[in-house]
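Please look over the structure shown here.

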Amino acid sequence: MNTATNPALAAMLGDIACGAIRVIDLTNILSSDFPVIVLPSEFGQCEPFRMETVSRYDGNGPAWYWNNISMNEHTGTHFDAPAHWITGRDIPNGTVDAIPAEDFIHPAVVIDIADEAAADDDFIVTRGFLEEWEKQNGAIPARHWVLLRSNWSKRVGTLSYLNLKDDGAHSPGPDADAMRFLVHERDCIGLGVETVGTDAGQASLFDEPLPAHSILHGNGRFGLQCLTNLDQLPVFGSVIVATPLKIKGGSGSPLRVIAMAPSKD
Ligand code: MN
């Protein structure tokens with residue numbers, strides 16, 4: 001029997017071991033104080049993370065430590081499956097347990113909107129912005145995650161992360177034409193964001209409401225939210241591993257998202 005690791009996998013492992021490939025954690029810490037999306041009060045709400053100790057080397061378990069945990073599927077750094085949205089309700093394999101495992105590993109392109117989002121909490125990514133970005137950086141390759149680096153993750157731990165005002169949340173996101181461009185003309189795998197939703201904070205008021213959710217999931221694409229450390233990724237050349245929990249019929253799941261990227265040297 002040949003027990004040697006496949007050469008391509010062995011090369012990758014060697015590159016990780018020597019640092020030629022960096023492994024970057026794109027995940028926020030899951031804790032009870034991590035903010036969750038807030039919907040208008042007439043709708044059901046997203047439960048935050050909760051943790052209750054069962055035992056910690058004590059009378060309830062003298063040699064072991066463990067906790068009971070509960071949360072919404074969309075709490076913390078999390079994955080949105082097509083079935084999350086009404087437009088994706090009939091997509092085959094649209095729940096987290098049914099998505100093929102190959103779809104959990106894809107390359108990524110990182111689009112920097114940090115300056116624009118710093119200047120305008122409600123910055124909208126338009127088709128025109130993406131076309132101008134491509135002129136500067138090159139075309140968005142097919143079958144990539146598109147990651148929006150807004151630097152919103154730097155706001156975690158402050159009220160400006162959800163950025164709720166009297167008229168709702170204020171955070172950046174795409175409009176419908178940008179989403180159609182990414183899905184139909186660039187064949188993206190999905191959209192990953194640092195904010196609490198793939199849609200902008202005010203996107204329920206758009207002419208085409210909540211276009212990221214509607215267009216991504218209606219076309220079988222995915223979402224990643226509450227990412228961090230996107231500033232450590234190159235524009236091109238990273239690979240994202242994003243594996244949601246295998247929840248039967250689940251619409252999404254908290255997860256650990258890791259990226260592999262070439263060394264900066
Ligand atoms: Mn979600």
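Visitor: On what basis are the values given?
Guide: This is a predicted model, in which local features need pLDDT of at least 70 and side-chain atom pairs count only at pLDDT 80 or more, while totals for chains, interfaces and linings use all residues. Residues are numbered from 1 along each chain as its sequence is written, and side-chain values use heavy atoms, with hydrogens and water left out.

Visitor: Which residues are the protein donors of the manganese ion?
Guide: Donors are N, O and S atoms within 2.8 Å of the metal (3.2 Å for Na, K and Ca); water is not among the atoms, so sites may look incomplete. In sequence, the donor residues follow the spacing H-x3-H-x1-D. Lying 2.1 to 2.3 Å from the manganese ion, the protein donors are His74 (ND1), His78 (NE2) and Asp80 (OD).

Visitor: Is Asp80 buried or exposed?
Guide: Buried means under 20% relative accessible area, exposed over 50%, and partly exposed in between, with a 1.4 Å probe and protein chains only. The relative accessible area of Asp80 is 0%, so this residue is buried.

Visitor: How many residues of strand β7 are buried?
Guide: Strands (E, at least two residues) are DSSP runs, numbered from the N terminus. On one side of β7, Trp145, Leu147 and Arg149 are buried, and on the other Val146 and Leu148 are buried. Strand β7 (residues 145–149) is largely enclosed by the rest of the structure, because the buried residues number 5 of the 5.

Visitor: Which residue in β11 stands opposite Val146?
Guide: Two strands pair if DSSP finds at least two bridges between them. β7 pairs with strand β11 (residues 190–193) in the parallel sense over 4 bridges. The residue in β11 opposite Val146 is Leu191.

Visitor: What is the volume of the largest pocket?
Guide: On a 1 Å grid over the protein atoms alone, a pocket is an open set of points where a 1.4 Å probe fits, with protein on both sides within 12 Å along at least five of seven lines; lining residues have an atom within 4 Å of a point. Grid points are joined across faces, edges and corners, and a volume is the space filled by probe spheres set on the points. The largest pocket is lined by 32 residues, with Ile37, Val38, Leu39, Pro40 and Leu210 nearest its centre. Its volume is about 720 Å³.

Visitor: Which residues lie closest to the centre of the second largest pocket?
Guide: The second largest pocket has a volume of about 250 Å³. It is lined by 14 residues, and closest to its centre are Thr27, Leu30, Pro254, Leu255 and Arg256.
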